Amino acid sequence: MAKVSVLVAVYNAADYLPACLDSLKRQSLADLQVICVDDASTDGSLAVLQSYQQDDSRIEVVHLDENRGQAHARNVALRQASGEYICFVDSDDWLSDDALEKAVATFDTHPLTDCVLFRLVYCEQDSTLMFRDYPQPPFEVLTGREAFRKSLDWTVHGVYMVRGDLHRQFPYDETCRAYSDDNTTRIHYYYSREVRSCQGTYYYRINALSVTLKASVRRFDYLRANESMRRQLLGLGVGQELLDEYENCRWLNLVDVYMFYHVHGRELTPEERRYGLSELHRAWAGIDRRAIEKGTTAKFGYRPCKSWGLFRVQEWLYFTLRGLIGRNR
């Protein structure tokens, strides 16, 4: 058994893998297992992984013949993980040399802690790399439910190390090819006795080709991932207040995905646009609009409207006007 198992889901990341894997090889905590799952890459990712595997016995490589998305790849790695603690590192990201050691030290110092968040730093590539910290309010300790609640709108982020037994009990949500794995983070927080943070740094590369940033039909998966989260909340038996809070989050996310449709729809195929619009319509119809905060529904662009047609007119006007002043992302 390793002290820490690191899950690395890989898809077409050959240019970034050396930085990721080198940072893992340099960890001051040597007792680790690195499980890299190649999700049917079509570039040279597998060859890069195999060369690192030959050089370091702590690195294990699994190759998948069919691309099934990040959550599935991570679950494949999770089934192979032996570590007392488990974390992920995306294949285009990297860690500070002491990141794993500092997270484990936090667990050792605080035996009731079940999740430890890394310090998260965004890295944006221009002519040079620019770094900025994730805007997370500092905290010493949160209860699991406090962390869960703060994760609904990502007041606290989702880059962390978790006790292995808790992760194995709750593997990644594979509802969607993208986004639904975030739900698992929230479940881990919910069932934690304590959630703490450490100063070990996770460097998150802002990659314009990632699913979360590029114009892809996968963006509409976010709506289904939100629905999966709501189903899980119902299964957990959370109170109506928390359900209502999450419905408000779902409404904000719906408007955000509609902006993507408005801004990037022409970059999708006609079939993808029809699918995206049908997903937006279905999500709009499925949200309990009585739960949306009045301060939200009072804003133009966020009003629920009595019909889908009126809502579409509102969104077209709202995002057209925002576009004229350069406010659409």
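1. A polar contact is a pair of N or O atoms within 3.5 Å, where within protein one atom must be able to donate a hydrogen and the other to accept it, and residues adjacent in sequence count only if both atoms are side-chain atoms. In this predicted model, local features need pLDDT of at least 70 and side-chain atom pairs count only at pLDDT 80 or more, while totals for chains, interfaces and linings use all residues. Residues are numbered from 1 along each chain as its sequence is written, and side-chain values use heavy atoms, with hydrogens and water left out.

2. Ser23 sits in helix α1, residues 17-25, where helices (H or I, at least four residues) and strands (E, at least two) are DSSP runs numbered from the N terminus. A polar atom of the Ser23 side chain lies 3.2 Å from the backbone nitrogen of Leu95, and the side chain of Ser23 also reaches the backbone oxygen of Cys20 at 2.7 Å. Leaving aside residues up to four places away in sequence, Ser23 touches Trp94 and Leu95, contact meaning heavy atoms within 4.5 Å. Ser23 counts as buried because its relative accessibility is 0%; buried means under 20% relative accessible area, exposed over 50% and partly exposed in between, with a 1.4 Å probe and protein chains only.

3. Helix α3 (residues 70-80) is largely enclosed by the rest of the structure, because 8 of its 11 residues are buried. The buried residues are Ala71, His72, Ala73, Arg74, Asn75, Val76, Ala77 and Leu78, and the partners against which they pack are the strands β1 (4-10), β2 (32-38), β3 (59-63) and β4 (85-88), together with α6 (164-169) and α7.

4. Helix α7 (residues 181-190) also meets helix α5 (residues 144-151), their axes coming within 7 Å and crossing at roughly 155°; axes are lines fitted to C-alpha atoms, for helices over the stretch in contact, and angles run from 0 to 180 degrees between N-to-C directions. The two helices are therefore roughly antiparallel to each other, a term for angles over 145 degrees. On the α5 side the contact involves Gly144, Arg145, Ala147, Phe148 and Ser151, which meet Arg186, Tyr189 and Tyr190 in α7.

5. A further helix pair is α10 (residues 270-286) and α12 (residues 308-324), which pack at an angle of about 115° with their axes 11 Å apart. From α10, the residues Leu277, Leu280, His281 and Trp284 meet Trp308, Phe311 and Arg312 of α12.

Key:
Angles under 35 degrees count as roughly parallel, over 145 as roughly antiparallel, 65 to 115 as roughly perpendicular and the rest as oblique.
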